[in-house]
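Please look over the sequence and the structure together before reading on. The report below takes up the backbone, the helix packing, the charged pairs and the surface in turn.

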Amino acid sequence: ASFDDQMRRVQAVTGATGTMFDELTVKAKELGSTTAFTASQAADGMAFLGQAGFSAQQILEGIPAVLNLAAAGAIELGEAADIASNIAGGFGLASDEIGRVADVLAQAASSSNVNISELGEAFAKAGPAAKAAGQEIEEAAAAVGILGDSGVKGSLAGTDVQNILIEMAKRADIAGVKTTDAAGNVRDMLDVMKDLGGATSGMSEAERLSFFIDTFGKRSAKSAIILSSANKRIDEMRDKMANAEGRAKSMAATMEGGIGGAWRKTKSAVEGVAIAIGETLAPTLKDIAAWFAKAAGKIKTFIEENKKAVKATAAVVAGVIAGGAAFMAIGSALTAAGVALGGMAAIVAAIGAALGMLFTPLGAVAG
């Protein structure tokens, strides 16, 4: 039932019908039986991609990469789909580049002190500005990773990258460093920051701090200083990003290669069996559920039309319960009488209570 609900959600957001919807269903089951994620989780990821505007065909092509990202980052599949689709959309990447997004995120997370969730938060802020400034996703990921090494993470890092790019776009040069190329396009952010590091190297610490505050604002000056001082680290991160292809898949394989991964795959396979059984029984179960719903409606109607009878029945039931409790008390007292001389008093009291109830009109009916 859970899987069916998720696939209907996929159908609702994508509008997929007929053969295409069948292909999505088959793909979700296939992923559920061959990966550490269940078919229901795969369907949940499909729904997130659908909400991000991916077509059914694009979802079929992109969902395996999203699964790899989730496994690599040890995050929920729905979160991985949400992050990857948002970043792809923010950078204006085609749907078939969702694998590139997953690889870059996995590589950045494994090469710096940030995780997938923090990268997602950072790109939510920096992504649109980076795209507008012509920056590649690899360049932005390298910058966010370097900032993460210094404790500037998540939305804070994303906001700083955004502000730095905006200031770069507003100025033809900063301290003699060109921010645009001959064609008027914004240069790679990290190249500009490396050049700024060299241009300000002769300043005192106080002068340098004042310069970066005046240029990039109090909020983002710290990140500009970090990036302008990260010459070697910039080269390292760029090299990592240039070799990111396949990283999400390889990390996922490593993360799921142990006992935990084997157990998760087993549970996914078991869910696949449950889904197969459920689909076989679905027509009958639907008929039974419909019958119960119809019967419940008739019972409701009867209750509304016969409220007095229902109240009387409830009173009789209450009487039966009270009478039963009284007679149970007699049984308990008889048991106690076997071990205590005072048991007879308890028996008499219990019999009195029972008879007192029985000699009322309600007690007579209950009796």
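Where is the place of Ala175? Ala175 lies in the loop between strand S1 (173–174) and strand S2 (177–178), where helices (H or I, at least four residues) and strands (E, at least two) are DSSP runs numbered from the N terminus.

## Basis of the model

This is a predicted model, in which local features need pLDDT of at least 70 and side-chain atom pairs count only at pLDDT 80 or more, while totals for chains, interfaces and linings use all residues. Residues are numbered from 1 along each chain as its sequence is written, and side-chain values use heavy atoms, with hydrogens and water left out.

## Two alanines with positive phi

Most residues other than glycine have a negative phi. Ala175, although not a glycine, has a positive phi of about 55 degrees. With a relative accessible area of 43%, Ala175 is partly exposed, given that buried means under 20% relative accessible area, exposed over 50%, and partly exposed in between (1.4 Å probe, protein chains only).

Ala74 also has a positive phi, near 55 degrees, and is found in the loop between helix H4 (56–73) and helix H5 (77–90). Ala74 counts as exposed because its relative accessibility is 60%.

## Helix packing

Helix H2 (residues 18–34) packs with helix H3 (residues 39–51) at an angle of about 130 degrees, and their axes are 7 Å apart; axes are lines fitted to C-alpha atoms, for helices over the stretch in contact, and angles run from 0 to 180 degrees between N-to-C directions. H2 and H3 are therefore oblique to each other, on a scale where angles under 35 degrees count as roughly parallel, over 145 as roughly antiparallel, 65 to 115 as roughly perpendicular and the rest as oblique. The crossing of H2 and H3 is right-handed, a term used if the near helix is turned clockwise from the far one by less than a right angle, with left-handed used if anticlockwise.

Helix H7 (residues 116–132) and helix H8 (residues 137–149) pack at an angle of about 130 degrees, with axes 11 Å apart. H7 and H8 are therefore oblique to each other, and H7 passes H8 in a right-handed crossing.

## Salt bridges

Side chains of opposite charge can pair when their charged atoms come close. Across the whole structure, 16 salt bridges are found, each being a side-chain nitrogen of Lys or Arg within 4 Å of a carboxyl oxygen of Asp or Glu. Which residues link helix H10 to helix H12 in the pair that is 47 residues apart? Asp191 and Arg238 meet through their side chains in a salt bridge of 2.8 Å, N to O. This pair links distant parts of the chain, with Asp191 in helix H10 (residues 189–199) and Arg238 in helix H12 (residues 231–242), 47 residues apart. Asp191 is partly exposed at a relative accessible area of 26%, and Arg238 is partly exposed at 21%.

Lys194 forms a salt bridge with Asp235, with 3.0 Å between the closest N and O atoms. This pair, too, links distant parts of the chain, since Lys194 is in helix H10 and Asp235 in helix H12, 41 residues apart. Lys194 is partly exposed, with a relative accessible area of 23%, and Asp235 counts as partly exposed at 41% relative accessibility. Elsewhere, salt bridges that share partners join Glu97, Arg100, Glu136 and Glu138 into one network. Within that group, Arg100 forms a salt bridge with Glu97, the closest N and O atoms being 2.9 Å apart.

## Buried and surface positions

Ala47, in helix H3, is buried, with a relative accessible area of 0%. Asn68, in helix H4, counts as partly exposed at 22% relative accessibility. Asn68 and Gly246 are 178 residues apart in sequence, and their C-alpha atoms are 9.7 Å apart in space.

Val273, in helix H14 (residues 259–305), belongs to a nonpolar surface patch of about 730 Å² that is made by Val273, Ile277, Leu281, Leu285, Ile288, Trp291 and Phe292. Patches are made of residues with over 30% relative accessible area and no salt bridge, like charges being joined within 9 Å and nonpolar side chains (Val, Leu, Ile, Met, Phe, Trp, Tyr) within 5 Å. Accessible areas come from the Shrake-Rupley method with a 1.4 Å probe, and for residues only the protein chains shown count as cover.
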